[in-house]
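Me: Can you walk me through a few residues in this one? I'd like to start with a single side chain and then move on to the core and the rings.

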Amino acid sequence: MASSSKLVLVMCFMVSAFGIAIGNTLDQEFEITWGDGRAKILNNGDLLTLSLDKISGSGFQSKNEYLFGKIDMQLKLVTGNSAGTVTAYYLSSQGPTHDEIDFEFLGNLSGDPYTLHTNVFSQGKGNRDQQFHLWFDPTADFHTYSITWNPQRIIFYVDGMPIREYKNSESMGVSYPKNQPMRIYSSLWNADDWATRGGLVKTDWSQAPFSASYRNFNANACIPNSPSSCNSNTTTSTNSSWLNEELDNTSQERLKWVQKNYMVYNYCTDSKRFPQGFPADCLQNS
C-alpha cells in the first residue's frame, strides 16, 4: 500500500474517535480572553466585536480544540486608516513545537489595500508565508474566510475562492500539522513596528478606537474526546467531505487566477531570503 494511502487510513481511524463541531452562537463557541472589556459578544451571541485603542487591543479563543476540519468565519475588518493594526485569525496549538495555520490582515492607509498574510507552522517552524491583496474592500461588508485542514492538505479560501493550497510534504522530510489539536484564536492589536510597509507607517491613534467584527462561525471539524463520531459512517457525506477535500480542475484554475493577479509575496520565490535554495516543500507548494 502506498504511504499516502496508509496516512489517510491512519488519520481516518484517529478522527473516528472524535466528535464533529457545527456552528452555534458565538458565545457558545468562544470566550473572550483579553482586552478589559474591549471585546464584546452582542445580538444574542450572533455578533462578536474586537476593538483596539492606545492602551490595549483585545482577543478571543474557541472553547474547543480541533484536529482537522473545515472552519468558516465571516469578518468585517477595521475601516478607514487601519495602518499599523493587525487583525489575526488563526488555528494554533501551544508550546515551542506548536502547529499553526494563519490568516493575518495587515492594515493600511485609507484607500490602500489590506494585505492578507497566510502562514503554516509545524513543530514550531513557520516561514511559509504567502501574502495577497483582495479583489474587494474587506471593510465595507462581511466576507467569509475559511480553512480546510485534512491529512493531505490545507486550503485557504476567501468567499469560497481558493487562494492557497499547502500540501503535506512529509515524504520530503518536511513536518506537517497532523498530531496536535488546535484552538481558534483571534485578536486585534497594534503592530506598527512591522505591519504596514515594514513599520514605516505608524498607527494614527486619532482614529481610535479601531474595530473588527465577526459573525456566522461554522466548524465542520473533529473535536478530540467528544462522544460523537467524526467518521463517514455517522456523518453525512457532505459534512465529512472535507476529510478528503482537494481542488478540482475548476478550483485549480481559480487558485491560479488569484495567485497570478493578487499574490504579492511568496516564500517559494524569495531567493534573497533563501540564498542556499528554497525549502523542500516548495517543490509542491510553489
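**Notes on a predicted model**

Reply: This is a predicted model. H143 has a relative accessible area of 14%, so H143 is buried.

Me: Where does H143 sit?

Reply: H143 is in strand β11, which covers residues 143-149.

Me: What does the side chain of H143 make a polar contact with?

Reply: With the side chain of D159, at 2.6 Å. Beyond four places in sequence, H143 touches M73, Q74, L75, F136, D137, P138 and D159.

Me: Switching topic. Which feature does UniProt place at N108?

Reply: The UniProt record, an unreviewed entry, has "glycosylation site" at N108. N108 lies in the loop between β8 (100-106) and β9 (115-121).

Me: Is N108 buried or exposed?

Reply: Buried, because its relative accessible area is 14% and the cut-off for buried is under 20%. Leaving aside neighbours within four places in sequence, N108 is in contact with G80, N81, S82, A83, P113 and T196.

Me: OK, the core. Which residues of the largest nonpolar core touch the most other members?

Reply: M73, L91, F103, W149, I154 and F217, out of 57 residues in that core. Strand β15 (residues 210-223) gives the most to this core, with 8 residues.

Me: And what does L91 touch?

Reply: Not counting residues up to four places away in sequence, L91 touches Y66, I71, D99, E100, I101, I147, W149, M182, R183 and I184. There is also a second, separate core of 5 residues, with A88, L106, A191 and A195 among them.

Me: Now rings. How many aromatic pairs are there?

Reply: The structure holds 15. In one of them, F103 and Y145, the ring centres are 6.0 Å apart and the planes are at 70 degrees, so the pair is edge-to-face. This pair links distant parts of the chain, with F103 in strand β8 and Y145 in strand β11, 42 residues apart.

Me: Are F103 and Y145 buried or exposed?

Reply: F103 counts as buried at 0% relative accessibility, and Y145 is buried at 0% too.

Me: What about W135 and W257?

Reply: They form an edge-to-face pair, 6.1 Å centre to centre with 65 degrees between the planes. W135 is in the loop between β10 (130-132) and β11, W257 is in helix α4 (residues 249-262), and the two are 122 residues apart. W135 is partly exposed at 27% relative accessibility, and W257 is partly exposed at 38%.

Me: Which residues do ring pairs link into a cluster?

Reply: Y89, F103, F105, Y145 and F156.

Definitions and conventions
Residues numbered from 1 in each chain as written. Predicted model: local features only at pLDDT ≥ 70, side-chain atom pairs only at ≥ 80, totals over all residues. Heavy atoms only, no water. Helix = DSSP H or I, 4+ residues; strand = E, 2+ residues; numbered from the N terminus. Buried < 20%, exposed > 50% of the residue type's maximum accessible area, 1.4 Å probe, protein only. Polar contact = N/O pair within 3.5 Å; in protein donor to acceptor, adjacent residues only side chain to side chain. Contact = heavy atoms within 4.5 Å. UniProt positions renumbered as here; feature names shortened; annotations may be inferred. Core = buried A, V, L, I, M, F, W, Y, C linked by side-chain atoms within 4.5 Å. Phe/Tyr/Trp six-rings, centres within 6.5 Å; stacked < 30°, edge-to-face > 60°.
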